[in-house]
Amino acid sequence: MSFLTWFERAVRVSSRAALLPFLAWGASAQAPSAVTQAPVWAGKPDIAAFEKMENERLAAAQRSIDQILAVAGPRTVENTLVPYDEILRQYNSAGYLSALLQQVHPDAAFRDAATAMTSKVGNAGAALALDQGVYKALAAIDLNGADPATRYYVERQLLEFRLAGVDKDEQTRARLKGLQDKLVELQSAFDRNISEDQRSITVDNAAELDGLPKDYLDSHQPASDGKITITTNYPDAFPVLTFAKSDALRKRLFLEFDNRAYPQNRAVLLDMVRTRYEIASIIGYQSWADYNAADRMIRSAKNIGEFIERVDAAARPVAAREHSMMLAEKQKLQPAATSVSDYESFYLRELVRRSQFDFDSSAVRPYLPYQGVKQGVLDTAAKLFGLRFEQEPGVPAWHPSVETWDVLDQGRMIGRFYLDMQPRPGKFSHAEMAPVLDGIRGKQLPEAILVCNFAAPKADDPGLMNYDDVVAFFHEFGHLMHWILGAQRWAGISGISMEADFSEAPSEMLEEWMRSPQVLATFARHYQTNEVIPAALVARMNRADAFGRASWVLGQNAYSAISFDLYNRKPEDVDPDAIALADEKKYRLTVSTPGIHDYASFGHLGSYSSAYYTYVWDKVIAEDFITQFDRGNLLAPTPAARYRRLVLEPGGSMSANDLVKNFLGRPQSMEALERWMSEQFETAVAHQ
Ligand SMILES: [Zn+2]
């Protein structure tokens, strides 16, 4: 469920100083309103041209650093903050582009060059975060008369500098730099161990795969020795865990799946825990979890612990009802069963959906051909946010399938986005929104890209999409709108630059539009008959989708607890196996399969460290936000305009806690999530 966001990637590049970003290719016109800039690939750079452009950005940033340090006399917004923001603009522009090209460029040599450039930019950002001269200059700016956003910007940058350790002595700063560099290496080793440890099992004949869909069997033919290989890759593994009738097969595959990167990542994880603890200790925090929370909405380790308990209390009663329904399905097969194992939950959930909710997910696909869905997502967002999207034809990109779109507000261009939506060898394999340029009012248009992997339409096949794919499309488009509409006066507070644990809320919210029969009726048409998706099918789809939500929340909460507990104590007290087992036992209703070591392939323990709670935290906010809309008419303009103005347009110019309060009139509460989890029992009509 976790789609890699730009933030996750930014964390990889430089673990603390949010001083990364990217910028524009074109010259920055200083005209107050009408900004024009060439699309990102207009110059069709080869590797040498790309490196030249990036190095020029780094050099420009260095000139701005020199300019700040050279100021004599009083510090002002004009002589210090303006060049400071230019440093961020240049670093961000360089970093966004290299991080993007390392994921999408078709040429492996280009991807390697881009990867090296991402490290170089990350190192520059890390060095800036420890630069006392720049820090002292920012701290000395006279902010009398500055607007609230500018004050907030400076205040927040100073916090980030202090959290990076800028006010420590030279020897300590050198130690911190060494620890940060080591952490970057450890995180990438942790990720690499996961992606490189693809495992597999073999089955002796197709009969063992009974229950799997025909297209799966067609693509898993026996080898010359008659055996069929099933890997731990998601598209290979999840259909087996969901549909295979053989309990032994599902268990065998699950054991391989949840032992990926074990034992090698045990040592890497312990090293990350030690390194992070030392950083937190030097800065003056009791634990990494507490340190890592200091610049987030949640603020402290204590609050994370309390949030996990509140989620547990809210989800457990509903999850218990779901669990008893899954157990009842299991008892049809094994009458004496008294518990459900973790590896069985996918299969049993599917059985419940079929028996209780009369829903087969393949029935929806014919209504979801790629072109229709794309137009539908764009039209929905345009209507919701009062925008117009116009494709720019004939714009060059790194691949011919990439589309370039302008975003117009009242006829005026306010941003641009790119769509790179189909898989190809060597491309990033999940779905994400990636930034391309920060939006700076009067100076630079915001740009961003969706990188996805949906089946490509062909002459005889319109690229039918799964329900989950379309939900993912809406999700990523939610990030994109946030990025485009959040343009500010300063790069450093533009787009999604607020506390990192808010970043999933606007995207998780937009997922809900996919469930609206009203919205679906505008674009979901049968690819052969052009018939609009039947409302009854949508209703069944939504009911079936609702089953298992509380169990999902409990599962996410168990991961939040593992991520928190690993980093909320002294490293000598950390035994990953004991912590994972204890938290799964405490926070889940299913029984852990003996012999698994699932923390070893839990990639977020590297990138998110103690902040995995973010996903449920933002789900709470997203569901609460939806209470401000009319569920029967999600396209109504008034609440959408208010949401745009109060939540998206401020970007990172104030705390996300204030964004929430401004929109809801109060802080977020758990009630909307509770209703969301219980929906299945309120609307379901049991089928006999
Ligand atoms: Zn996301």
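**Core, zinc site and salt bridges of a predicted model**

Of the 144 residues in the largest nonpolar core, F389, F473, F477, F502, W513 and F625 touch the most other members. A nonpolar core is a set of buried Ala, Val, Leu, Ile, Met, Phe, Trp, Tyr and Cys residues joined through side-chain atoms within 4.5 Å. Buried means under 20% relative accessible area, exposed over 50%, and partly exposed in between (1.4 Å probe, protein chains only). Another core, of 49 residues, lies apart from it and includes I65, Y135, V166 and A434.

The model is predicted: local features need pLDDT of at least 70, side-chain atom pairs count only at pLDDT 80 or more, and totals for chains, interfaces and linings use all residues. Residues are numbered from 1 along each chain as its sequence is written, and side-chain values use heavy atoms, with hydrogens and water left out. The chain averages a pLDDT (the predictor's confidence in each residue, from 0 to 100) of 91. A score of at least 70 is reached by 94% of the residues.

Beyond its neighbours within four places in sequence, F477 is in contact (heavy atoms within 4.5 Å) with V377, L378, A381, F389, F417, L450 and L510. Among the buried residues of helix α15 are V377, L378 and A381. Helices are DSSP runs (H or I, at least four residues), as are strands (E, at least two), numbered from the N terminus.

The zinc ion has three named protein donors: H475 (NE2), H479 (NE2) and E504 (OE), lying 2.1 Å from it. Donors are N, O and S atoms within 2.8 Å of the metal (3.2 Å for Na, K and Ca); water is not among the atoms, so sites may look incomplete. Their spacing along the chain is H-x3-H-x24-E. H479 sits in helix α16 (residues 467–485), and E504 in the loop between α16 and α17 (505–510), 25 residues apart. Both H479 and E504 are buried.

Salt bridges number 46, each a side-chain nitrogen of Lys or Arg within 4 Å of a carboxyl oxygen of Asp or Glu. R489 pairs with D147, with closest N and O atoms 3.3 Å apart. R489 lies in the loop between α16 and α17 and D147 in the loop between α5 (132–139) and α6 (148–164), so the pair ties together parts 342 residues apart in sequence. E512 bridges to R631 at 3.7 Å. E512 is buried, at 3% relative accessibility; R631 is partly exposed, at 44%. Through shared partners, salt bridges join E512, R515, D545, R549, K619, E623, R631 and E679 into one network.
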